[in-house]
Every structure is written in C-alpha cells, then in structure tokens.
Amino acid sequence: MLCTPPPPQPPLQSSRRPRPLPLRAAPRCSKPNDAEPSPSPPSTAAAGGVRRQVLSPEGRAKLDPRPDRDFYALPRLVTHVDDGFIATLTGLYRERLRAGWDVLDLMSSWVSHLPPEVRFRRVVGHGLNAQELARNPRLDLFFVKDLNKEQRLELESGTFDAVLCTVSVQYLQSPEKVFAEIFRVLKPGGVCIVSFSNRMFYEKAISAWRDGTAYSRVQLVTQYFQCVEGFTQPEVIRKLPSAGGSPSSPLDAVMRLFGVAGSDPFYAVISYRNFKPM
Ligand SMILES: C[S@@+](CC[C@H](N)C(=O)[O-])C[C@H]1O[C@@H](n2cnc3c(N)ncnc32)[C@H](O)[C@@H]1O
C-alpha cells in the first residue's frame with residue numbers, strides 16, 4: 001500500500017453561509033495497481049476493502065464516452081422521478097434517518113428529498129453541477145467531483161451517520177471503489193440508502209444497467225455492497241405501481257390506455273457499516 005500526503009484540497013463550497021471548513025482531506029492511499037481486481041480472497045480482505053470486482057470492463061461502458069462533467073454542465077432544475085416515488089423515498093428517510101445526524105447526499109442536485117421537518121446536524125452534498133447544488137436548500141456544504149474520474153472522497157473517515165444516493169447509481173463506472181469510499185466515510189453502524197427507478201439518461205448509464213432488468217439492477221446494487229468487506233447483508237425495498245386501481249388523473253388514464261404505467265417503480269437497497277468486521 002502506498003500512502004502519500006493529502007492532495008491539495010478542492011474548495012468545498014457552502015451553499016448558504018460561509019464557514020470554516022469542518023472537513024479535512026484524508027490521507028490518499030492507493031494500491032500500486034489500483035485498476036486491477038483485488039487479489040485478496042474474501043475471507044482475508046480488511047474491513048472496507050474491495051473483495052472482488054462486480055462489473056466486467058464491458059459492463060462499465062457507456063454509449064456516450066464524453067466526460068460526465070460536460071453532460072451536466074448546464075443545470076437541470078427538474079425532478080427526475082414522479083411525486084409518488086419522492087413521497088415513498090421521503091417516507092423511507094423519515095423511518096431510517098434521525099435528527100442531529102451527519103448526512104452525505106452523493107450524486108445530488110437541487111433537491112435531496114429529505115423530510116422537511118427533520119433537522120440534521122450537517123448535510124453535505126456532492127454532484128457534478130455547482131449551480132444545482134447551490135440551489136439545494138438542505139445542503140450546508142457541497143463539493144463537485146466526477147466519480148468516474150476519481151473515486152476518493154475528500155472527507156474524513158467515519159464521520160457520517162448516513163450516505164444517500166438517489167436515482168444516480170446507474171452512472172457509476174467504478175462502483176466497487178465508490179462503495180468502498182462510502183464505507184470509509186460512514187461511522188460504524190451508519191446507513192447507506194441507494195434508491196432508483198426505471199428512468200435513466202440512457203446514453204450515460206453503464207451497459208450492465210442499461211441491458212439489465214429491474215431484478216438484475218437490484219442484484220447489481222446488492223452486489224456493490226457485498227463486494228466491500230464489512231457492509232451488512234443488504235435489505236431491498238420495492239414499491240411497484242399496482243396493475244389495477246383507478247387512474248389518479250386524466251393524463252394517467254390516457255397513459256394507461258397506451259400501456260404506459262402511470263407511476264415510477266421504487267427500489268431501495270439499504271446496508272449498514274458493521275460495528276465490527278464479520
Ligand atoms: C438523475 S440526477 C439525480 C440527482 C439527485 N440525486 C436527485 O435525486 O434528483 C443524476 C445525478 O448524478 C450525478 N452524476 C452523474 N454522473 C456523475 C459522475 N460521473 N460523478 C459524480 N456525479 C455524477 C449528477 O450530479 C446528477 O445530478
């Protein structure tokens with residue numbers, strides 16, 4: 001393992017009130033051959049280590065190979081899923097997150113879907129577009145980083161009670177390393193909630209996701225957790241639009257007439273950082 005001093009700190013930007021940076025760069029550590037699958041067998045990997053690669057090189061490919069930052073250069077102040085999905089997600093956060101927590105919203109934008117009545121100690125946002133993040137009313141701080149270029153989060157280890165990733169996991173080309181970073185920044189016992197639906201920017205989603213099914217996508221995210229030593233067995237929550245029932249709006253009725261479901265299916269995969277290595 002090679003360890004070098006921390007890299008120059010990219011500025012963390014505060015969305016509302018400038019304040020001294022509470023976060024400092026963790027030492028940068030990398031294996032001599034970081035691109036290769038970890039040679040360690042599962043039983044000997046240290047907590048937080050990547051036990052195996054989930055994706056093949058083809059599975060990581062995108063149709064649009066241009067840098068992701070170019071794709072997200074212009075702010076998109078839209079919601080990427082429907083109200084039913086967002087209500088389910090906010091309800092899940094209400095159940096699983098506690099007031100006073102430190103929360104990291106990875107791959108965020110101008111909305112975080114957190115319960116409005118819950119006050120967290122700190123919500124740090126991350127994404128690719130500074131203008132979107134600056135508009136997010138729940139963020140205390142944010143930083144911009146392309147996780148397909150470099151996965152290291154310049155955040156201290158063991159400092160977050162929760163890490164959230166909403167309708168974005170399909171864009172990660174090195175999810176094994178990103179989930180190892182999520183593990184690192186979580187406190188022991190901290191939770192990670194990854195939620196998604198069936199929508200995507202098709203040309204920017206990895207092929208393993210694009211070419212998959214709802215079932216295989218849940219399996220994929222489950223394996224992203226399982227490939228990092230020390231996460232608990234992932235829990236899956238599904239809320240699918242009911243086949244029957246009455247349409248909630250005229251548009252819904254028309255969409256059903258054409259065989260298009262009126263609401264977005266909801267999937268969440270949840271795992272905790274174990275208190276002790278298993
Ligand atoms: C569909 S939006 C979801 C935004 C937000 N989580 C939400 O719930 O509305 C996808 C987000 O993924 C993030 N993203 C996509 N590619 C990324 C990359 N290579 N590195 C970091 N973030 C990325 C962008 O910030 C973008 O806002």
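This report describes the fold, the core and the ligand surroundings of a predicted protein model.

## Basis of the description

The model is predicted: local features need pLDDT of at least 70, side-chain atom pairs count only at pLDDT 80 or more, and totals for chains, interfaces and linings use all residues. Residue numbers start from 1 along each chain as its sequence is written.

## Overall composition

The secondary structure of the protein comes to seven helices and nine strands. Helices (H or I, at least four residues) and strands (E, at least two) are DSSP runs, numbered from the N terminus. Of the 278 residues, 35% count as buried. A residue is buried if 20 or more other C-beta atoms lie within 10 Å of its own, exposed if 12 or fewer, and partly exposed in between, with C-beta atoms placed from the backbone.

Among contacts between residues at least 6 apart in sequence, 70% join residues at least 24 apart. Two residues are in contact if their C-beta atoms, placed from the backbone, lie within 7 Å.

## The seven-stranded sheet

Seven strands form an open sheet with mixed pairing, in the order β5-β4-β3-β6-β7-β9-β8. Its edge strands are β5 (141–144) and β8, each of which pairs on one side only. Two strands pair if DSSP finds at least two bridges between them. On average, neighbouring strands of this sheet are turned by 15° against each other, direction ignored. Axes are lines fitted to C-alpha atoms, for helices over the stretch in contact, and angles run from 0 to 180 degrees between N-to-C directions.

Strand β9 (residues 266–272) is mostly covered, with six of its seven residues buried. Six bridges join β9 to the antiparallel strand β7 (residues 186–196), and S195 has A268 of β9 as its bridge partner. Five bridges join β9 to β8 (residues 235–239), also in an antiparallel arrangement; here R238 stands opposite Y267. By contrast, β3 and β4 (residues 122–127) run parallel and are joined by four bridges, with D105 opposite G125 in β4.

## Helices and the nonpolar core

Helix α4 (residues 175–185) is largely enclosed by the rest of the structure, because 10 of its 11 residues are buried. Those buried residues pack against β3 (102–106), β6 (160–166), β7 and α6 (214–226). Helix α6 itself lies across β7, β8 and β9, running at about 15° to β9.

The largest nonpolar core has 59 residues, of which V163, F179, I182, V185, V194 and V228 touch the most other members. A nonpolar core is a set of buried Ala, Val, Leu, Ile, Met, Phe, Trp, Tyr and Cys residues joined through C-beta atoms within 7 Å. Not counting residues up to four places away in sequence, V185 touches L104, L153, L155, S157, T159, F160 and V163.

The ligand is surrounded by 17 residues, the closest being D68, S109, G127, T166 and S168; a residue is near a molecule if its C-beta atom, placed from the backbone, lies within 6 Å of it. By class, this shell has seven nonpolar, eight polar and two charged residues. Ala, Val, Leu, Ile, Met, Phe, Trp, Tyr, Cys and Pro count as nonpolar, Asp, Glu, Lys and Arg as charged, and the others, Gly among them, as polar.

T79 is found in the loop between α1 (68–71) and α2. T79 counts as partly exposed because it has 14 C-beta neighbours inside 10 Å. Leaving aside neighbours within four places in sequence, T79 is in contact with I86 and V111. The C-alpha atoms of T79 and S109 are separated by 9.3 Å, although these residues are 30 apart along the chain.
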